[in-house]
Amino acid sequence: MRLIGALLLLLISTTASLARPNIIVIMTDDQEDTGSMAYMPKTLSLIADEGITFKNSLVNLPLCAPSRASFLTGQAAHSHGIRANSPLDQGGWEAFKSKEEDSLPVWLKAAGYKTALIGKYLNRYGQQSGYGAWLAWLGSWIDVEFKGTTVGNPRDWVPPGWDLWYAFTGTRVRYYDYWINENGTILSFDHRPSDYSTDVLAERAVRFINDEGESQAPFFMFIAPKAAHAQGDRAIPSPKYEQAFNDVHLPENPAFNERDVHRKALKAPRVGLKTKQDLELSYRAELQSLQSVDDVVAAVVDALRDTNKLDNTVLIYTSDNGFLFGDHRLIGKTAAYEGSIKVPLLMRGPGIPEHETRDQLVNNLDLVATILDLAGAKPGVPLDGKSLKPLFADAKAPWRSAILIESPVTRFERASNRYAGVRTTTRKYVKYDGGFEELFDLAADPHELRNKAQDPAYTGDLLTLRSIEDTLKSCVGEACWVP
């Protein structure tokens, strides 16, 4: 009898270990990985301390819509073709709509997952068609506001593959005064404290988990708040956090307001005192708005624990791109510098060791491959990334040596500022469309101050990285892997 009992326990244990996990992804907007995570104690305690922190997590293209399109397809920007936010540039949701039938939620649903999106989808979703964008652009020049700019872009559209669709619609994503499309029904939110959008998303996420409390089927939930993206001049915090961090100053590493940029492709004026003061306010607002995201993480973990689902749930925290607060004199994203392409990536769950870090080069394409691997789901398109599962068990597992970075393509941007580049563990090479090249020795110069492209001592590196960039800029699937 004891032997039978032991075998039954072993069978139960094995069955539990083989059960496909629930998967929750929390993706912020414009959150850099150059210090902001230190101000999120709940996320650090509940995810980082209980799992893995990836120290070299990058995005393929540092701009909202292209990055989110990569998350939904597992493909680099040159593969899925979306390299801008606006339909004027063949970007945003209008460009992605034709791909919805063969994307992540569809693949997961086919594998038996219940799926939910809560928050931001893609730029201009439910807001503006290509026709409307042209009218809006023309109106901005002649100071006339054209009506009906959402023609061809219905705000009640629910993409295939989602069981719960709870997405911002009708306007650009906002902290207050916004609409949400809940499975085809439009909900309106005002400017009351209870309408603060990050808190609204948290409540809906918790309700979804509670609704799944008795279900044995696995679920996938994608939570995408507005934070820490600016609305107007800067992010808007919840009233309970708007006085937080008033003593925090703008971090000034050696790249801030860089003195000498004559060997750089992107040249901007020096950051003046007024601009610096504004940047400091924006940085504080970022941290303040992220406190509500910290609350989202805590609320989700509490709900998972209350429904006995925490032990079989993979929690992933990341961002769509980073942000430059004056480094190299630049403000914003899209550049190839570390502050722009580097994002947080924290993971916890079954099979993931506690309180460990990984130094390997990973990106947002790997994240999609990992989710599908965990779910036992099959993609409908070639994936340009690799599952991170081998790194869970082995911190020294063989991994890639180089990764591709790409730039947005918009009609209002100088073509000479467009680029494709390669990031390795110790080097970064960037080739601009105008022919200018940058090469940074990240081991000796982590702040990317000294362009070594013309330095004879780096000729070998330059030739190698040129060849890798030439291969990766049009790679598909396995060809994107550089051992």
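Colleagues, the structure before you is a predicted model, in which local features need pLDDT of at least 70 and side-chain atom pairs count only at pLDDT 80 or more, while totals for chains, interfaces and linings use all residues. Residues are numbered from 1 along each chain as its sequence is written, and side-chain values use heavy atoms, with hydrogens and water left out.

I begin with the overall form. The chain has 13 helices and 18 strands; these are DSSP runs numbered from the N terminus, with helices being H or I of at least four residues and strands E of at least two. Along the principal axes, the C-alpha atoms fill a box of roughly 80 × 55 × 45 Å.

Of the 483 residues, 57% are buried. Buried means under 20% relative accessible area, exposed means over 50%, and partly exposed lies in between, with a 1.4 Å probe and protein chains only.

Next, the aromatic residues. A pair of aromatic rings is described by the distance of the centres and the angle of the planes. Here, rings of Phe, Tyr and Trp (its six-membered ring) pair if their centres lie within 6.5 Å; planes under 30 degrees apart count as stacked, over 60 as edge-to-face and the rest as tilted. The structure holds 20 such pairs.

One of them is formed by Tyr125 and Trp165, an edge-to-face pair at 5.6 Å centre to centre with 80 degrees between the planes. Tyr125 sits in the loop between β4 (114-119) and α7 (130-142), and Trp165 in strand β5 (residues 164-169), so this pair ties together parts that are 40 residues apart in sequence. Both Tyr125 and Trp165 are buried.

Tyr175 lies in the loop between β5 and β6 (178-182) and Tyr196 in the loop between β7 (185-189) and α8 (197-211), so parts 21 residues apart in sequence are tied together. Tyr175 counts as buried at 0% relative accessibility, and Tyr196 is likewise buried, with a relative accessible area of 0%.

Ring pairs also link a cluster made up of Trp93, Phe96, Tyr121, Tyr125, Trp162, Trp165 and Phe220.

I turn now to the backbone. Most residues other than glycine have a negative phi, and most peptide bonds are trans. Where does this chain depart from that pattern? Ala227 and Ala228 are joined by a cis peptide bond, with omega about 5 degrees; Ala228 belongs to the loop between β8 (219-224) and α9 (273-306). Phe245, with a positive phi near 65 degrees, is also placed in the loop between β8 and α9. Asp177 has a positive phi near 55 degrees and lies in the loop between β5 and β6. Asp177 is partly exposed, at a relative accessible area of 35%.

Finally, Ala38 is in the loop between β1 (22-28) and α2 (41-48) and is exposed, with a relative accessible area of 60%. Ala38 and Leu287 are 249 residues apart in sequence, and 9.6 Å apart in space, C-alpha to C-alpha.
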